[in-house]
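Me: I'd like to learn how to read the features of a protein model. Could you walk me through one?

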Amino acid sequence: MHDLDAALGLALTLVVTADADLLEIVGLSMTVSMTALALSCAIAMPFGALLGTCRFPGRGAVVVALNAMMGLPPVVVGLLVYLLLSNAGPLGFLHLLYTPGAMIIAQTVLITPIVAALTRQAIEDLHTEYAEQFRSLAVPGHVAIAALLWDGRWSLLTVALAGFGRAISEVGAVIIVGGNINHLTRVMTTAIALETSKGDLAMALALGLVLMTLALVVNALVFAVRHQTERHAHA
Amino acid sequence: MPDSAGSSQLPARVAAQSKDRSREPPALCASGLVVEVEGQRLLDRVDLTLRSGATTIIMGPNGAGKSLLLRVLHGLIQPTAGTVHWRTAGDGRPQRQAMVFQKPVLLRRSVAANIDFVLGLHGNRNRARRQVLLQTVGLADRAQQPARLLSGGEQQRLALARALAMEPSVLFLDEPTASLDPASVLWIEDIVRSTRGRGTTMLFVTHDVGQARRLGDEVVFLHRGQVCEQTPSADFFAAPTSSEARRFLAGLIVL
Ligand SMILES: Nc1ncnc2c1ncn2[C@@H]1O[C@H](COP(=O)(O)OP(=O)(O)O)[C@@H](O)[C@H]1O
Ligand SMILES: [Mg+2]
């Protein structure tokens, strides 16, 4: 119990004094996950919007597969990306393994199905409502998709926050492809895993505190967005 | 008036033509329209000819197929059988159509942005034009409000302004004033009247006999997917020819 008190005190000190190591780890976590989020939004939102608005044979199977991929275990994603990027793998020539680039790729693969599936749902609901009006106005397809994305912007923001929450908190994928190398690929979750196993509870707790605060902020943002959406009758 | 074709009284003839539109080719010729869903006939051999520039009222009990007929004529639903022929514009292209739905679907944007969206579709996003349209429906001072926070009547007026932004030659209105406040009903009737004055062909679904009298040139009475009669407005309300319409007007439920 005394150990825990001491560790907690030390952790708070690390946070309050903005310890350089701590900041470096938090900074890399944010950079990796934000970049992965940006990439997966760029890929998954147009894809989800297309899937939500187009009818084609086999669409149902694609939707089911996508929904299933939302639950991809991070370690499996890490393993697949590892195989891709390892020297013997098809993308081995890029020499990305054990770099932040590899971690970005892994997190992008992890959250792209999530962002795509949630986007598909949000846009499809909107499309169901707008479709007849748009046909009446003879809105061209690309204008319709742009309009759906814009009018669904608040739901899509919560979709993005969900993707970010998943990316920043996962450990399985980044630890396999990043390797938790100090000052290079060490992010919050891998550091917590490692420091805990090494017995450095203070650093692990400090990072845990930051991670939990981030989770709190993300959820508060989701709540605020929902509230705003309802107030402006955008829902 | 005798047909003066071949004579030299050209100005007189032009004037006469612009007044008497009954000589123009009809705006719409629909024949043998059938819509069948799962063996049910929702529209049954509907033949309809509409005069250009006329306002046609469509009446009939709930479920008669009025909304469905509008959708088929507007091209939103493909009929199982039958043909719809709209008169083409001068350049041979189809004439522009717009529809005000029974339940308005507004974009999740400001009042102004709802109009701008439609103006933008035709490449003439124009602030002044938007303001004129909003003034027409009495929403000029609400331009920056979220459209979905408007009252039901205001939403329907915005939907009408958006339809007018299309500058349609044919305008469909599906019970646009059902369950609206009297002020909004007046606004909408005024706009419909002035739109008619500009020569727009209109199809107007309503249950309101007074409104049908005020706005309609003729009445089409629909019952169980069939056209029972198509009668000039004045005659219809004095003496409808079909027994279904007679019973409907007498306030009986037509089953
Ligand atoms: N797309 C559709 N698919 C199946 N049934 C429909 C469809 N549209 C309308 N109907 C049915 O057709 C009938 C006429 O509907 P509608 O045209 O909405 O009547 P109303 O005259 O009250 O406007 C109703 O029984 C309705 O359930
Ligand atoms: Mg109806």
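**Pocket, interface and helices**

Reply: Let's start with the largest pocket, whose lining residues divide into six nonpolar, six polar and five charged. Here Ala, Val, Leu, Ile, Met, Phe, Trp, Tyr, Cys and Pro count as nonpolar, Asp, Glu, Lys and Arg as charged, and the others, Gly among them, as polar. This is a predicted model, in which local features need pLDDT of at least 70 and side-chain atom pairs pLDDT 80 or more, while totals for chains, interfaces and linings use all residues. Residues are numbered from 1 along each chain as its sequence is written, chains are lettered from A and ligands numbered from 1 in the order in which they are written, and side-chain values use heavy atoms, with hydrogens and water left out.

Me: How is a pocket found, and what is the volume of the largest pocket?

Reply: Rolling a probe the size of a water molecule over the atoms shows where empty space is left. On a 1 Å grid over the protein atoms alone, a pocket is an open set of points where a 1.4 Å probe fits, with protein on both sides within 12 Å along at least five of seven lines; lining residues have an atom within 4 Å of a point. Points are joined across faces, edges and corners, and the volume is the space filled by probe spheres set on them. The largest pocket holds about 380 Å³. Of its 17 lining residues, A:A138, B:P94, B:Q95, B:R96 and B:Q97 are the closest to its centre.

Me: What area is buried between chain A and chain B?

Reply: Buried area is the accessible area (1.4 Å probe) that two parts lose on being put together, summed over both. For chain A and chain B it is about 1,900 Å², with carbon and sulfur atoms giving 55%. A:E132, A:Q133 and A:L137 supply 30% of what chain A buries against chain B, more than any other three residues.

Me: How many salt bridges join chain A and chain B?

Reply: A salt bridge puts a side-chain nitrogen of Lys or Arg within 4 Å of a carboxyl oxygen of Asp or Glu. There are four between chain A and chain B. One of them pairs A:D151 with B:R109, whose closest N and O atoms are 2.5 Å apart. Over all chains the count is 19.

Me: Where do A:E124 and A:R120 lie along their helix?

Reply: Helices are DSSP runs (H or I, at least four residues), numbered from the N terminus. A:E124 and A:R120 are four residues apart in helix α5 of chain A, so about one helical turn separates them. They form a salt bridge, with the closest N and O atoms 2.7 Å apart.

Methods
Helices (H or I, at least four residues) and strands (E, at least two) are DSSP runs, numbered from the N terminus.
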